[in-house]
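Subject: Structure handover

Hello,

Here is the structure I promised to pass on. Please open it alongside this message; my notes follow below.

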Amino acid sequence: RQWGPAILWAVAIWGFSTELFTGVNTSRFLLPFLKWLLPGASAATLFLLHGLIRKAAHVAEYFILSLLVVRGVRGEVSGWRVTWGLAAIAMVVCYAALDEVHQLFVPGRGASAWDVLLDGFGAALAQAWRDHAAGLLAANPDPTEAEVREAISGNLCRCTGYQGIVAAALDAAKRLRNQPGK
């Protein structure tokens, strides 16, 4: 049960590694969108942005996978431990390497050690973020909305006013406080 989401996300990543998601195929919809978004941009700029979006997708995919894997590693136990985070990073990097080997056999794709490094960065970033969040709630298990906003200020884009993030942090604090044995 705890591993289900991680397995489903790993299957989705495997799907992203197929011929359907080669650079040629993603350029068919990303480049027109980028051209619409940035009508004055040169072709070189559009191709650069296309490549950056594809690499950012690596970080995002494996950030999510790392969070889901740590959920499986910890099982029914709540909270976060460094050893769980390190185990999740190791498993995700191994999966990333396996995925690159898979791409050797996919027409239009190839393996890249750089992509494994990007994937590992995404996994490590997720665990660093998780560690930071766990530390904040351990230091103050009953934060006010103002304290949550102060703790995350300067860490994230302020364009949304942090509404969802603040609500999630307050909900997490409440759930931790209400756990049996706390």
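First, a cut-off. A residue is called buried under 20% relative accessible area, exposed over 50%, and partly exposed in between. By that scale K55, at 36% relative accessibility, is partly exposed. Keep in mind that this is a predicted model.

**Overall build**

The protein has 7 helices and 0 strands. From the N terminus, the order of elements is α-α-α-α-α-α-α. Along the principal axes, the C-alpha atoms fill a box of roughly 55 × 40 × 25 Å. The chain has 182 residues, and 31% of them are buried.

**The salt bridge**

How many salt bridges does a search of the whole structure find? It finds 1. The partners are K55 and D115, and their closest N and O atoms are 2.7 Å apart. K55 sits in helix α3 and D115 in helix α5 (residues 113-139), so the pair ties together parts that are 60 residues apart in sequence. The two ends differ in cover. D115 is buried, because its relative accessible area is 7%, which is under the 20% cut-off. K55 is partly exposed, because its 36% falls between the 20% and 50% limits.

**The second largest pocket**

This pocket has a volume of about 320 Å³. Its lining is made of 16 residues. Which of them lie nearest the centre? They are F16, F21, R54, A57 and E61.

Four helices each supply at least two residues of the lining: α1 (4-16), α2 (23-37), α3 (43-74) and α4 (82-103). The largest share comes from α3, with 6 residues. By residue class, the lining of this pocket divides into 8 nonpolar, 4 polar and 4 charged.

**A nonpolar patch on the surface**

W3, I7, V11 and M91 make a nonpolar surface patch of about 380 Å². I7 belongs to helix α1. Is I7 buried or exposed? I7 is exposed, because its relative accessible area is 52%, and the limit is over 50%.

**Pairs along the chain and in space**

- A96 and V116 are 20 residues apart in sequence, and their C-alpha atoms are 5.5 Å apart in space. A96 is in helix α4. At 0% relative accessibility, A96 is buried.
- L46 and L86 are 40 residues apart along the chain, with 37 Å between their C-alpha atoms. L46 is in helix α3. L46 is buried, with a relative accessible area of 6%.
- K174 and P39 are 135 residues apart along the chain, and 47 Å separates their C-alpha atoms. K174 is in helix α7 (residues 163-177). With a relative accessible area of 46%, K174 is partly exposed.

**Where to look**

For a quick tour, begin with K55 and D115, the salt-bridge pair. Then turn to the second largest pocket, with R54 and E61 among the residues nearest its centre.

Best wishes

Methods:
Residues numbered from 1 in each chain as written. Predicted model: local features only at pLDDT ≥ 70, side-chain atom pairs only at ≥ 80, totals over all residues. Heavy atoms only, no water. 1 Å grid on protein atoms, 1.4 Å probe; cavity = no way out; pocket = protein on both sides within 12 Å on 5 of 7 lines; lining within 4 Å. Points joined across faces, edges and corners; volume = space filled by probe spheres on them. Nonpolar A, V, L, I, M, F, W, Y, C, P; charged D, E, K, R; others polar. Patch = residues over 30% accessible without salt bridge, like charges linked within 9 Å, V, L, I, M, F, W, Y side chains within 5 Å. Areas by Shrake-Rupley, 256 points an atom, 1.4 Å probe, with all protein chains shown as cover. Salt bridge = Lys/Arg side-chain N within 4 Å of Asp/Glu carboxyl O. Buried < 20%, exposed > 50% of the residue type's maximum accessible area, 1.4 Å probe, protein only.
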